[in-house]
Amino acid sequence: MSIEDLSQISQAERDARDAIGHQINVCVAASCLSLQSDKVKEELEKAVEAKGKKDCCKVRGVGCMGLCAAGPLVAVEKEKVLYQGVTPEDAPAIVDALGGEPVARIQGDLEAPFFARQQKIVLENCGRIDPERIEEYIAADGYLALIDTLTAMTPIGVVQQVTRSGLRGRGGAGYPTGLKWATVNKSQGTRKFVICNGDEGDPGAFMDRAVLESDPHRILEGMALAGYAVGASQGFVYVRAEYPLAIKRLKLAIKQAEKMGLLGASIGGTTFGFNVDIRLGAGAFVCGEETALISSVEGGRGTPRPRPPYPAESGLWGYPTLINNVETLANIPTILRNGPEWFARIGTAKSRGTKVFALAGAITNTGLIEVPMGMPLREIIFDIGGGVPDGKAFKAVQTGGPSGGCIPESGLDMPCDYESLAKLGSIMGSGGMIVMDETSSMVDVAKFFMEFCMDESCGKCVPCRVGTAQMHELLRQISAGEATARELALLEHLCDVVKSTSLCGLGQSAPNPVLSTLHYFRDEYESKIAAGEAAAAGHAPPAGGAA
Amino acid sequence: MSGRPSAKPAAGAPSSKVKTLTIDDRLVSAREDESILDAARQNGIQIPTLCNLDGLTPVGACRLCMVEVKGSSRLFASCVTMVGEGMEVVTDSERLQKYRKTIVELLFSERNHVCAVCVSNGHCELQNLAQTLGVTHLTVPYLHPKLPVDASHERFVNDHNRCVLCQRCVRVCGEVEGAHTWDLRGRGIDTRVITDLNQPWGSSETCTGCGKCVHVCPTGALTEKGKSIREMAKQSRFLPYLTMMREDRSE
Ligand SMILES: Cc1cc2nc3c(=O)[nH]c(=O)nc-3n(C[C@H](O)[C@H](O)[C@H](O)COP(=O)(O)O)c2cc1C
Ligand code: SF4
Ligand code: SF4
Ligand code: SF4
Ligand code: FES
Ligand code: FES
């Protein structure tokens with residue numbers, strides 16, 4: 001496969017698309033699929049057939065278009081028409097309207113801030129190409145960066161490009177990607193590995209799933225480029241078994257890429273070979289932690305081990321291993337195609353590029369968005385997210401999942417980047433964003449996340465194993481109005497112990513939701529405590545009327 | 001030695017590079033592949049430990065051996081942190097004492113440690129830790145789990161009520177005896193040691209009955225049958241000797 005071959009495929013694909021009068025895209029990603037978008041697709045195909053429009057109209061399934069809240073979504077590509085909340089019964093009307101006035105009843109607004117304010121790199125193909133056809137990825141300039149790089153750049157050159165882009169790991173900690181690549185590149189090993197971390201265990205997060213389902217070739221290309229840069233010839237994608245569609249599409253994508261010589265031996269006629277295999281996770285949150293993930297891939301129990309040594313030096317079976325998040329790797333092809341300077345111009349000085357967020361909770365436009373780093377939280381939640389529904393007031397936004405924290409109204413004007421979120425007592429995390437309205441009890445929010453950490457603790461180290469269970473019980477007591485100031489003090493002490501002494505990130509960050517809600521919403525804890533003290537003193541207010 | 005570029009030691013061979021560091025303001029030297037804990041012990045500085053046992057691969061699970069290293073706000077488990085040149089280690093401070101006490105309390109709260117009726121009473125590492133660290137009562141509530149006792153083995157007993165999940169039994173059986181009878185199942189607070197694939201110990205087809213697990217077990221979780229209260233003293237000293245002799249033979 002050479003650049004010429006790629007552009008030939010690309011040209012043929014574009015010609016074929018131009019020849020079609022109308023292109024109807026139906027979102028068949030998980031959320032829309034659960035609303036029977038496959039049925040919608042079927043009915044659309046039938047309607048096209050019945051109305052004799054087969055020659056000028058094509059229906060295809062695409063990945064997540066982002067506005068999952070309004071699903072199932074259907075887009076008519078060239079006319080730039082979006083339909084939302086489509087039912088199978090709408091199919092004939094949609095087909096009749098082709099080339100004329102759109103069906104107003106179900107028409108969505110593509111000029112709305114939800115679409116207009118986003119900037120897409122990672123999701124640039126999501127909802128636009130058929131994830132099951134490699135030709136469509138190639139027509140969107142896919143694999144261009146790979147072939148170009150293999151023939152024109154040294155591995156160290158690739159590392160330098162990634163370093164200059166300023167890309168940081170999207171798996172949570174924001175570690176500079178270029179620096180990690182340089183370390184693995186320099187590590188001595190007779191073999192090296194690349195792992196794509198697609199474990200994605202945060203509750204409410206589905207960024208990585210969307211990419212894997214909607215644009216799987218982007219990940220394969222990113223991994224192959226990573227393999228070339230660090231000197232690895234084998235890659236593994238670690239995906240949780242709960243993502244069957246992602247697994248199916250990845251498998252298909254690997255086969256297609258192998259067939260075209262874009263994976264396997266001597267890619268693009270060079271001496272570089274790279275293979276990708278899939279490894280399934282059983283859905284344990286802790287298996288997203290890199291050393292636990294490695295142990296799981298090796299066939300062991302998925303528990304973390306102390307670092308150092310870091311995987312970059314001693315990873316899979318003791319060999320130097322590069323481990324990156326799905327979204328991190330998804331940025332790579334575009335960075336190499338457009339150049340690091342282009343990428344570095346997006347975002348803020350220390351947080352370059354864009355970030356994908358999964359909007360969930362009390363927010364109108366639940367779904368998937370991608371925005372430049374540094375966009376104020378207020379803009380994300382109120383302009384793009386459409387604010388809090390049902391006329392309720394905003395209370396807090398939880399970022400970073402069970403390792404993150406809750407940010408109140410007063411923090412909403414901070415730019416959304418790694419440093420600012422840390423300053424607010426939360427973290428960027430992998431991109432989950434859960435909005436809470438005035439009806440949420442912050443003690444219960446803390447309890448929810450603590451329960452999650454307690455259930456997901458691997459049980460290896462004492463502070464996390466026993467501490468999370470103790471903290472959960474204390475939060476239960478506080479929430480139920482059964483606790484006194486003593487329990488609150490003990491809770492704060494345990495937060496300190498567990499944070500400071502746990503072995504891995506799970507335990508070290510498990511207290512964060514408690515600490516941040518205590519910081520911003522201490523009054524809610526205190527009113528619960530007051531109820532508990534009153535009960536202890538024997539003049540209990542009626543249960544439930546406490547807070 | 002010092003001026004020359006350092007070659008990586010060949011795999012398996014002990015490193016010959018020596019580092020100089022201070023532990024509690026004392027200048028000490030240690031091989032670069034030795035842990036802070038090793039270096040401290042060689043110099044008579046005591047750091048509390050529980051999961052660690054000389055002769056077994058360290059796992060860093062109990063977190064009692066954590067120390068401060070100047071220049072970092074993080075704490076380090078000394079059993080799994082290698083020495084570094086110029087490192088300044090503090091093994092005892094108010095903060096460390098506070099954490100260690102709480103960790104021991106958490107262990108007591110996790111299972112049902114009724115020392116008065118325990119065969120290991122008086123010979124128990126958990127008890128000793130509580131005494132050295134001054135844990136006289138618990139500030140965290142007892143969790144009171146309902147746990148079984150497996151007395152199906154001809155000579156030994158496994159009482160889950162006394163287990164601290166240090167994994168010493170798992171490691172000695174896998175690494176030294178080579179039988180791999182022990183393992184862990186479940187996660188979080190529901191983690192348990194198991195024999196074979198969670199079968200009664202007595203029906204285990206892999207257990208050789210060597211008793212190594214019993215003698216490395218720091219508490220009254222694994223004991224010999226027929227011992228009465230206070231009678232179960234463990235002999236874990238065999239281990240460093242055994243591993244040393246084996247290493248010698250293999251060279
Ligand atoms: C408890 C825990 C869970 C994690 N889960 C994930 C995950 O699901 N996906 C992920 O990419 N990284 C996860 N991480 C972070 C990984 O350990 C690792 O840092 C990351 O995959 C590195 O990739 P990056 O540099 O591209 O961010 C988790 C970390 C911890 C401590
Ligand atoms: S912090 Fe929790 S998840 Fe991590 S090793 Fe310890 S027990 Fe396991
Ligand atoms: S194992 Fe130790 S701490 Fe537990 S009951 Fe027995 S003597 Fe007490
Ligand atoms: S049975 Fe004994 S040696 Fe095994 S994990 Fe429990 S306390 Fe440790
Ligand atoms: S799944 Fe269809 S828009 Fe997200
Ligand atoms: S002795 Fe170091 S963690 Fe247990």
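Reader: In which loop does A:Pro72 lie?

Author: The model is a predicted one, in which local features need pLDDT of at least 70, side-chain atom pairs count only at pLDDT 80 or more, and totals for chains, interfaces and linings use all residues. Residues are numbered from 1 along each chain as its sequence is written, chains are lettered from A and ligands numbered from 1 in the order in which they are written, and side-chain values use heavy atoms, with hydrogens and water left out. Helices (H or I, at least four residues) and strands (E, at least two) are DSSP runs numbered from the N terminus. On chain A, A:Pro72 is placed in the loop between β2 (57–62) and β3 (74–76).

Reader: What is the omega of the peptide bond from A:Gly71 to A:Pro72?

Author: Most residues other than glycine have a negative phi, and most peptide bonds are trans. A cis bond also joins A:Pro308 and A:Pro309, with omega about 0 degrees, and A:Pro309 lies in the loop between α13 (290–297) and β9 (321–325) of chain A. The bond from A:Gly71 to A:Pro72 is cis, and its omega is near -10 degrees.

Reader: Which phi does B:Arg63 have?

Author: B:Arg63 sits in the loop between α1 (36–42) and β3 (66–69) of chain B. Although B:Arg63 is not a glycine, its phi is positive, at about 70 degrees.

Reader: How much area do chain A and chain B bury between them?

Author: Contact (heavy atoms within 4.5 Å) links 30 residues of chain A with 32 residues of chain B. Buried area is the accessible area (1.4 Å probe) that two parts lose on being put together, summed over both. Carbon and sulfur atoms carry 58% of the total, which is about 2,500 Å².

Reader: Which helix gives the largest share of the side of chain A that touches chain B?

Author: At least two residues of this side come from each of α18 (442–456), α19 (462–479) and α20 (485–501) of chain A. The largest share, eight residues, comes from α20(A).

Reader: Which residues are closest to ligand 2?

Author: A residue is near a molecule if one of its heavy atoms lies within 4 Å of it, and 13 residues surround ligand 2. The closest are A:Cys458, A:Cys461, A:Cys464, A:Cys504 and A:Gly507.

Reader: Which residues are closest to ligand 4?

Author: Ligand 4 is surrounded by 13 residues of its own. The closest are B:Cys163, B:Cys166, B:Gln167, B:Cys169 and B:Cys217.

Reader: Why is chain B described as being as compact as a globular protein of its length?

Author: Chain B has six helices and 10 strands. The radius of gyration is taken over C-alpha atoms, and the globule rule is 2.2 Å times the number of residues to the power 0.38. For 251 residues the rule gives 18 Å, so chain B is as compact as a globular protein of that length, its radius of gyration being close to this at 20 Å.
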